[in-house]
Amino acid sequence: MSTTRQATATGTTTTLLAIETSCDETSVAVVRGPAADPAAADLDRFAPTEVLSNVVSSQIDLHAAFGGVVPEVASRAHLEMLESVVARALADAGIDDEPERHLDAVAATCGPGLIGALLIGVSAAKSLALAWGVPYVGVNHMEGHLFATFLERPDLELPLVVLLVSGGHTMLVEVRRPGRYRLLGSTIDDAAGEAFDKVARYLGLGYPGGPIIDRLATEGDPHAIRFPRGMINEGLDFSFSGMKTAVVNFVRRHPHVSDADVAAGFQEAVVDVLVAKTLRAGAKVGARTLCLGGGVAANSRLRDRFGAEAAAAGYDVLVPDRAYCTDNAAMIGSAALWRLANDGPGSLDSGADPSLRLELVR
Ligand code: KG4
Ligand code: ZN
């Protein structure tokens with residue numbers, strides 16, 4: 001997925017190379033936005049980000065044999081792939097020589113994620129920034145997922161509520177403007193993606209579980225087995241570990257049950273909770289728009305039901321392209337453009353933080 005528009009550095013725009021290596025995708029993008037001049041940029045709005053290239057090299061096949069991401073394997077694969085992914089992202093953006101003439105900054109995800117994997121991206125970004133004589137910007141991966149929702153529709157009406165559902169996080173975030181995020185709810189145990197992955201592993205379906213369950217569920221009946229809807233009537237926090245245990249207990253008691261019905265029933269329970277809580281969060285804060293983000297936002301059933309039910313409740317809805325839901329560097333580049341304009345260049349002494357938190361307001 002890429003475009004071939006020619007990237008050139010000008011005074012009115014910022015062209016930036018972004019690197020994402022927080023988990024099991026090696027991704028590099030070249031993006032362009034308004035100039036990183038706080039006086040010129042309107043920092044209270046999400047500015048349009050032009051994606052000149054967005055290359056994603058997945059390590060899924062490497063990890064599948066182990067049933068999950070192996071941190072050492074991930075770091076090594078990022079190291080092996082990064083140079084060629086950078087070259088491809090530059091070429092796709094039409095930058096054939098002297099990148100320093102075209103690029104104004106280099107960004108990388110600096111957390112949260114696997115520390116070894118993060119350090120590969122951060123070290124590469126800092127080295128390139130030094131070599132090209134341009135600023136370095138460190139980006140919070142979750143802020144990247146938030147910015148992904150604006151890649152296609154920077155004009156979304158604020159305030160909005162984003163349901164961020166990934167392998168490591170389940171968060172309902174109120175966005176009043178860029179950089180001002182309020183956490184409305186989060187999981188008290190497993191993340192939504194983690195629950196998909198664990199259920200798939202228990203059923204012996206493979207890794208990563210989300211896409212496999214999504215596919216298998218299309219062959220099953222979502223109403224054949226009713227699994228519990230953890231905490232569905234209690235506030236805005238989530239709990240998925242009970243649903244996972246309910247699946248395990250059910251399959252133990254009914255060893256001949258169809259995997260497709262289990263997958264469809266489990267997925268329906270998760271989607272019921274995610275949609276109900278996002279609608280409740282939207283009503284609570286008077287949101288104009290409801291959005292999805294993170295890898296689980298690639299789930300077909302969630303996309304269909306979220307889109308339909310949020311629209312029926314009167315919200316403007318954004319369900320991003322699947323390529324912008326799962327990990328990608330374009331979203332990191334978009335967040336980096338705003339961070340660079342708002343905070344200025346990051347320090348070359350800064351490192352990576354595996355537990356980096358999203359900066360929140362109360
Ligand atoms: O955002 P992401 O790509 O990486 C993290 O930051 O964690 O999310 C990965 C998670 C995994 O748990 C994966 O199983 C889940 O997203 N996922 C899905 C689907 N595609 C990916 N879950 C449900 N349905 C899908 N189609
Ligand atoms: Zn992610």
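Modeller: What follows is a set of questions about labels and the values behind them.
Modeller: This is a predicted model, where local features need pLDDT of at least 70, side-chain atom pairs count only at pLDDT 80 or more, and totals for chains, interfaces and linings use all residues. Residues are numbered from 1 along each chain as its sequence is written, chains are lettered from A and ligands numbered from 1 in the order in which they are written, and side-chain values use heavy atoms, with hydrogens and water left out.

Biologist: Why is S75 called buried?
Modeller: Buried means under 20% relative accessible area, exposed over 50%, partly exposed in between (1.4 Å probe, protein chains only). S75 has 17% relative accessibility, so it counts as buried.

Biologist: Why is I115 called partly exposed?
Modeller: Its relative accessible area is 38%, so I115 falls in the partly exposed class. I115 belongs to helix α4, residues 115-132. Helices here are DSSP runs (H or I, at least four residues), numbered from the N terminus.

Biologist: Which residues does I115 contact, leaving aside neighbours within four places in sequence?
Modeller: A352 and P354. Contact means heavy atoms within 4.5 Å.

Biologist: What does S75 touch, not counting residues up to four places away in sequence?
Modeller: G116, A117 and I120. The S75 side chain also reaches the backbone nitrogen of A117 at 3.5 Å. A polar contact is a pair of N or O atoms within 3.5 Å; within protein, one must be able to donate a hydrogen and the other to accept it, and residues adjacent in sequence count only if both atoms are side-chain atoms.

Biologist: Which helix gives the largest share of the shell around ligand 1?
Modeller: α7, with three residues. In total, 18 residues surround ligand 1, each with a heavy atom within 4 Å of it.

Biologist: Which polar atoms of the protein lie by ligand 1?
Modeller: A polar side-chain atom of D214 lies 2.9 Å from a ligand 1 nitrogen. For the N299 side chain, an N or O atom is 3.0 Å from a nitrogen of ligand 1. A backbone N or O atom of G295 lies 3.0 Å from a ligand 1 oxygen.

Biologist: How much of ligand 1 does the protein bury?
Modeller: Alone, ligand 1 exposes 550 Å², and the protein buries 89% of that. Areas come from the Shrake-Rupley method with a 1.4 Å probe; for residues, only the protein chains shown count as cover.

Technical notes:
Helices (H or I, at least four residues) and strands (E, at least two) are DSSP runs, numbered from the N terminus.
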